[in-house]
Amino acid sequence: KHALARLAHTRAAKQFNGYRQTRSLSSYVKLSAKVSAALANNEPVVALESTIISHGMPYPQNVETAQAVEAIVAKEGATAATVALIDGKIHVGLEQDELIRLARNDNDSTTPVVKASRRDIALVLSQRMLGATTVSGTMVAAHMAGIRLFATGGIGGVHRGAECTMDVSADLTELGRTPVTVVCAGAKSILDLPKTLEYLETQGVPVIAYGESNDFPAFFSPRSKDGLTVPWSLQTPEQVAALVHTNEQIGLQSGHVVAVPIPSKDATNSAEIERAVDTAVREAHDRGITGKAATPFLLRRVVELTGGASLKANIALVKNNARVAAQIARAHAAIMVCTESAASNRRLFHSTHRIASISAASTDSSKTRPLLVVGGAAIDLTSRIGGHLDNNAPVSATSYPGTVEMTVGGVGQNIARAAHFLGAETYLVSAVGDDVYGSTIRASMEAAGMPTSFLQYPGSHARTAVYSAMHRQDGDLVAAVADMEINGMVSAQQMEEAFQRLNPCAVGVDGNISVLALSNAITLSRTHRTCVVFEPTSVPKCSKVLSALSFIRRSGAIADISGLVHIVTPNVLEISEMARVAVDVGLVESVPPDSTVAEIAGHHYTLDEELIRDALALFPLFPTQAIKLGCKGVAVVSPMPGRRERPVVRHIPAMKPSLVISSNGAGDSLVGALLASLYREQTTALTLDGDLALGPEDLDRIVRSAQKASILSLESPDAVSHKLSPELLDSD
């Protein structure tokens, strides 16, 4: 059985990283920290070209557009990877100063930016020139890095008059030999579009119209004036992602063109722009402008002739393409993570369960299974200005006498520490930097007797998470900086290794980790019959669990997603946001009737009707909820014994601390205590079907014990009180 488990997990890991494991990363490729972490975690990444910055738009619109496009990609849940050739390296993912360096391209400069396609890459690198990659060059770099999706404005193509000049863009041949999917608004309208489509067909490149129509867009216009169509159209990111995935599985080495029409609201001047294009093409011919100089001249001249209208349309279509590409990348990542890894694990689970009625949870019933916590570990720096500054006075840009305190924190680390103090064997999966702060976190955990075997270093580029806050003397916050990027670098492989080695009875997951890491934790927990507790962390992060469940449902890895997350522990604001998002994205079909809400509110006068409505709306997804109400206590929702479709709502009043020193960590301590109680009752916590087996009385008892841990945190200067002990869970 153990050999079978190892084989399945090894196979899953290979499937996880199969695309990238087929090649080693060239020493000439330099990944940014964000891109490196995203690729390591099998998260969606979208490549972006840099020629559009250096040669496609004027300054400052070019850098503003580049920044906006990267922000759009991030908003859609993917990582942007702008490509450029800098200081002898292929940079995949740029810093802001590098974007600006490209954007300020000046032909009179001593270091002008070279427009680099496949032909130019080696030369530009060897001579340490500054190079902006074309579609062709970006595809080469993206493929080297293992990135499947690439967003741009429009591809190059066959130039008008090519029957005489033989001017055909290298983009077209690159699409025929490099398996990267290019999301664009078709080919630039300055080109000969019919010949471009013919050339792509000869190269064996599928051209997909994105949307209901088969019309091939003409860059500035949703359809070409020749009425060109393509054989295929796809309507959703999932359909395109399935195409990309299938292309990989059968080993084809060609790319795809996903032609996205410019939004109609941005195409109002398309006729005027097309007339300007015709004029610019004639001028280029008359002046003898050809080759690499043609496209920049034509685009610049069209901007002049249209009074900037073409530039506005160009920016709009680039942003739209980036949005679509990120959605496709996210759908593709869901296929890779959820379908391949989870399906492999699921087959293993059901196979062993059928043959021997043995699951990972029951392999050795006499052995206590540990807890696993997956989440953030951080350093908290608290600066307090000395008493000489009046509390109402403005803070100037200068230094002040005062105090600075450093503590070890992070939601995941706090939860794990609380569970450890309460007697549970607890392991933390988190990421820290190879720096003094990372060493401090590791040393603090070791001093407390906590294992650190699953603290990972993502690489030399990664910085330990730090929250640095400045307060006035009275405690009011002046400003804070949160450097938490590393929390998204918790690797799927590290998590898989932890599940295989530990076979945990319960896993606590906080909202700091990435959506794909969270979806992986949920699917692994299903395989291992592990209880899942989700701590939302904050309003902006609380909906990550909904995105993870959406991934799992769309991929088909697990048919029924209700109850996959056994317990959620939001506060009032977080459960409101979770309910809103769940309804918006269709994870729950309806809100409960007012009569039901009013009936429950009549029994619990301290519970707000909106809170009850939100909790009942989420009940089909999250059957057990411990909703933190602050000074009002905890609202508990769980299924009625014998009738799991019926919710039972209770209110557990708050306990009063003798003195409140700090509220930092009180909620984390409550979740840690809840997990420690599940550790104690692991033999009866879950049914054979994977549902939470604890009844309302058991859950209420566990929550009351957890409240005691929270009170000790409030009475302590530390986020997790050192007074926590196993005896706390024994007391009434």
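Is tyrosine 427 buried or exposed, and at what relative accessibility? At 15% relative accessibility, tyrosine 427 counts as buried, where buried means under 20% relative accessible area, exposed over 50% and partly exposed in between, with a 1.4 Å probe and protein chains only.

The model is predicted, so local features need pLDDT of at least 70 and side-chain atom pairs count only at pLDDT 80 or more, while totals for chains, interfaces and linings use all residues. Residues are numbered from 1 along each chain as its sequence is written, and side-chain values use heavy atoms, leaving out hydrogens and water.

**Whole chain**

Begin with the chain coloured by secondary structure, which comes to 26 helices and 24 strands. These are DSSP runs numbered from the N terminus, with helices (H or I) of at least four residues and strands (E) of at least two. Of the 732 residues, 58% count as buried. Among contacts with a separation of 6 or more, 75% come from residues 24 or more positions apart; contact means heavy atoms within 4.5 Å.

**Aromatic pairs**

Select the aromatic rings next: the structure holds two aromatic pairs. Rings of Phe, Tyr and Trp (its six-membered ring) pair if their centres lie within 6.5 Å, and planes under 30 degrees apart count as stacked, over 60 as edge-to-face and the rest as tilted.

Phenylalanine 219 and phenylalanine 220 form an edge-to-face pair, 4.7 Å centre to centre with 75° between the planes. Phenylalanine 219 is buried at a relative accessible area of 2%, and phenylalanine 220 is buried at 3%.

Tyrosine 427 and phenylalanine 454 have ring centres 6.1 Å apart and planes at 75°, so this pair is edge-to-face. Tyrosine 427 lies in strand S15 (residues 426–431) and phenylalanine 454 in the loop between helix H16 (436–447) and strand S16 (455–456), so the pair ties together parts that are 27 residues apart in sequence. Phenylalanine 454 counts as buried at 1% relative accessibility.

**A charge over a ring**

Now select lysine 89 and tyrosine 28. The charged end of lysine 89 sits over the ring of tyrosine 28, 5.9 Å from its centre; the criterion is NZ of Lys or CZ of Arg within 6 Å of the ring centre and within 35 degrees of the ring normal.

**Two loop residues**

Move to glycine 186, in the loop between strand S8 (181–184) and helix H10 (193–202). Glycine 186 is buried, with a relative accessible area of 0%. Its C-alpha atom is separated by 5.3 Å from that of proline 217, 31 residues apart along the chain. Not counting residues up to four places away in sequence, glycine 186 touches residues including Gly153, Phe216 and Ala259.

Then select serine 254, in the loop between helix H11 (237–249) and strand S11 (256–259). Serine 254 is buried, with a relative accessible area of 11%.

**A helix pair**

Finish with helix H18 (residues 515–528) and helix H20 (residues 544–555), which pack at an angle of about 65° with their axes 8 Å apart. Axes are lines fitted to C-alpha atoms, for helices over the stretch in contact, and angles run from 0 to 180 degrees between N-to-C directions. Residues making the contact include Leu518 and Ile522 of H18 and Leu549 and Phe551 of H20.
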